[in-house]
Structures are given as C-alpha cells and as structure tokens.
Amino acid sequence: MSATTTIVMSALPSKSTIKLAPAPSHAEASSSQAQNQPPKSQKQMTKAERREQQERQRAAKAATKAAGPQPSGSNQNSAQVKKGAPPAASTSASVKKGGKGPDGKPTKDTKETTSDDSARGLRIFSHFGLPKPPGPSKGDIHPAIIRLGLQFSEFKIVGANARCISTLTAFKTVIQDYVTPPNNTLSRHLLTHLSPQITHLVSARPMSVTMGNAIRELKLEISGSDIDLPEQDAKNLLCQKIDDYISERITIADQVIQETAGTKIKDGDVILTYARSSVVEQVLVGAWDDGKQFSVVVVDSRPMLEGKKLLSVLSAMGIPCTYLLLPSIGSVITEVSTVLVGAHSLHSNGAVFSRAGTALVAMMAKQHSVPVVVCCETYKFAETIQLDSFTKNELAPAGDIFSSFPLTRSKDTLTLNKQLNLEILNPLYDLTPPSSITAVVTEVGVIPPSSISSIPLALGRTTL
C-alpha cells in the first residue's frame, strides 16, 4: 500500500473518503506468500530453487570474507567505553605475565601475547629437519637404539660414514637380542621388529642417504634369509652381512679412494679443504705418509666448526696448515692448487649434497680455474635428482649444543638476539652443481659429474 492509502484507511471519516489501494502485482503476491509459508526442505525444492539457494549462500560467504573478520566483543567494548565502564577482563589479552590488571592487582600466570619460538620461526623453512631428543615411540625400542638416538640428536656422532656405521652396529645388537615369537619366521617378523627402531632414529634426526641405503640392503638380506636355517645361525649370518657391508662399502672403499686421490697430490701443492671429511682426512694423511711435501688450507665456518678437529689431526702429523673462516677464502684461493671436499650424498644429475659452504668453495675455485675434486663412496649415491638445497635440508640446533666450540655464540650475541627478537637459522647442507665440480673420486674410479648415473652399472647391478 502507498502512504496515502494508509492515512485514509486509518482515518475512515466516511465511505466517500475511502480510497482503495491498487491491487498487488503477481510478483509481490508470490513473494508475500513465500514469506508467510514455512521454508521448504531440500527434498521439496526443485533443482532451480536449490541452485538459487546455493548461489545466495555462496554470495553471502564471499561478502563476509571480503569484509574481513570482525573482532569479537567489539560492540560490547565500545558500549563499555561510552558508559565509562572498565573493559572486560577477557579483552585484556595484552597484559603480560607478571603485570597488573584493571583493578590494580597483579595478574596471575597469563599467556604472553608475544609469539613463541615456533611462531617466530620462518615458516618457509618449517619443512627442514631439526634434531630433537626423541620422544616416546610405539613398540619395543632396544636400549642400543635409544642411546644412539640421543647421540644423534646431541650431535655426538656426525658425518655420513660415522652415522651409518653406528646405525649398523646398533642393529647388530638388536638382531642378536631378538627372539622369534612362536608361529612366526625370522625373515618376516624381524622386519616388523626393526620398523619401530628405525622410526625412533628418524625422530631423533632425519635419516641420511647412507643410512637409507644400508637399511634397504639389510632388509633385502633379512627377507631373503633361509627359513629352514636355525635362528641363531640366521642371526649370525645377518651380522656377518652387516660386517661385510661396512668393510666393502666403507672401509675398503675409503682405502681405494685414498690411493686414487693421493696420486693427484704432487710436491709443493697447496690443497684446500672445507670443514671435515673423514675420506679427505685419510687422503691427506696417506699422501703425507708417502713422503709427499705439500701444505693444506683448512676453511671452516660456524656453527659446527668441524675444521678445527681436522686441523688438529693434520698439525699433529706435521703437515703445514693454514686455518681460516669461509668469508676469507677469496684471499687464498689464488694460491691453491687443488680443492678436495667430501660429500653427504651424490645424486644422479651429478650434484653433490654436502656441508653448507661447499657450494661457495667450489664456485669460487671454478672462478679461478682451480680443479675441484670430490671424494665420495658409491654407497652415498642417490638415484634422485636434486636441484637445490631448499626442498630437502636439515637444521643445526640454535641452542648451546655447540658451546664446546669456541667463538660459536657469545653472551653478547645471545643478548642481542633476544632484544631484537632474532632467530638463528643454520642449514647443515647445500647443493654443489655439477658445473662447479671437476671430478668425483670413487672406489670404482674417477668419474666426471656427467657420468654419475653410471655408478650402479659400474658395480654390476641395476640399483644400489
């Protein structure tokens, strides 16, 4: 009805003054009828009505999302401000621990609004593995595995070879203490028994490529064991297989690499190495024992400063050494004859995954036409292709775990980090592209980076 019709109908002075309202249209009548009727259920609606309802709901969600989230209790707070009432206790989230509330009394233990370490951490690096004390694991965990997990998380065992040897040695203890349950076979149940042991080690620190290859080989030996063999004989045979793997793939392989790489060192050479590699250390010590006269430049970097231990070993042998940190490499690279570095893993595209800083050393050497030789065993070979060190990496802990190393983290640095709300990020590895590598010395020979994928064929097998 119009405004005129309403006024006249309310007054009703006489019949002559009554004016009839125009008849509602068909659309208005249908809409008013729809408002009076109860809403239809989904089954009573037609397809067109359901589609229209979905579009309205979608439009309402889009409008709500565009408007942004409204703070809860904003109307109540504004009303309290107008009336002069103090704000509610629930809205005083900004009160810090140990502060005072609106009534002047000290507050209890409330949560601080400052973000914790996990919130301050860079989310783009959240997928990096961080060593941590292993928590409770499901299954029966052997004491040797628990002890090894703690050593991994505390970085008491570092290096690809050392971690692999210690893992296999612990598995030997697990196998010897294992007893096959009734109505089971060793070849089937032992694999199930080893699964929680492996999970416990991975929870302490991400598994290395060397550990993965060794565990895969051990599982193949267990699944292929003879079910008719007595249990103790089968366990002794598996332990012998583990000893053979360590001897052939690590110990003897390092001896062959030592002899091959030692021939590349001449009298008067200046060898540059980065951090500490057990293979490179054997090469340098073996070449010095052979009577070759050379000097070594040990380049190191924080946070682990592994080169200091290598420096102490080489100095004890009487080898002339120069120690410097990674930013100073440009001052000595022009005097270097050869760069010898180790590897954490070797990928099929020729890239070398090694301690963070190796890529910088290799690229600096290539810029000055210095050959870069990587000493690496074939059991470190990974059939994957890796193009950067961001997709997969590991973080060194930023705590006091490296406090035994001098110049690692001073008290002034820790105080400054807390004041500026800074967080230390220490990726452990980086990826050296094959273009920066001259050759890779393995136990099967000296291989150029372009032919790394032929390593399994050189060993007479399809896979490692």
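Reply: Four strands form an open sheet in the order β8-β5-β6-β9, with mixed pairing. The model is predicted, so local features need pLDDT of at least 70 and side-chain atom pairs count only at pLDDT 80 or more, while totals for chains, interfaces and linings use all residues. Residues are numbered from 1 along each chain as its sequence is written, and side-chain values use heavy atoms, without hydrogens or water. Helices (H or I, at least four residues) and strands (E, at least two) are DSSP runs, numbered from the N terminus, and two strands pair if DSSP finds at least two bridges between them.

At the edges of this sheet are β8 (381-382) and β9 (429-432), each pairing on one side only. Look at β9 and its partner β6 (residues 352-355): four bridges join them in the antiparallel sense, and V352 stands opposite T432 in β9. In general, strands of a sheet pair through backbone hydrogen bonds, either parallel or antiparallel.

Helix α13 (residues 358-367) lies across β6 and β9, at about 30° to β9. Such angles run from 0 to 180 degrees between N-to-C directions, with axes fitted to C-alpha atoms, for helices over the stretch in contact; contact means heavy atoms within 4.5 Å.

Now turn to another open sheet, with seven strands in the order β3-β2-β1-β4-β7-β10-β11 and mixed pairing. Its edge strands are β3 (321-325) and β11 (445-447), each pairing on one side only. Neighbouring strands here are turned by 25° against each other on average, direction ignored. Strand β10 (residues 439-442) pairs with β11 over three bridges, in the antiparallel sense, and V440 stands opposite I447 in β11. Helix α10 (residues 231-262) packs on this sheet, touching β7 (372-375), β10 and β11, and its direction makes about 135° with that of β10.

Let's follow α10 itself. This helix has 32 residues and reaches 45 Å from its first C-alpha to its last, close to the 46 Å expected; that expected span is 1.5 Å times one less than the number of residues. A kink of about 35° is centred on S247, where the bend is the angle between axes fitted to the seven residues ending there and the seven starting there.
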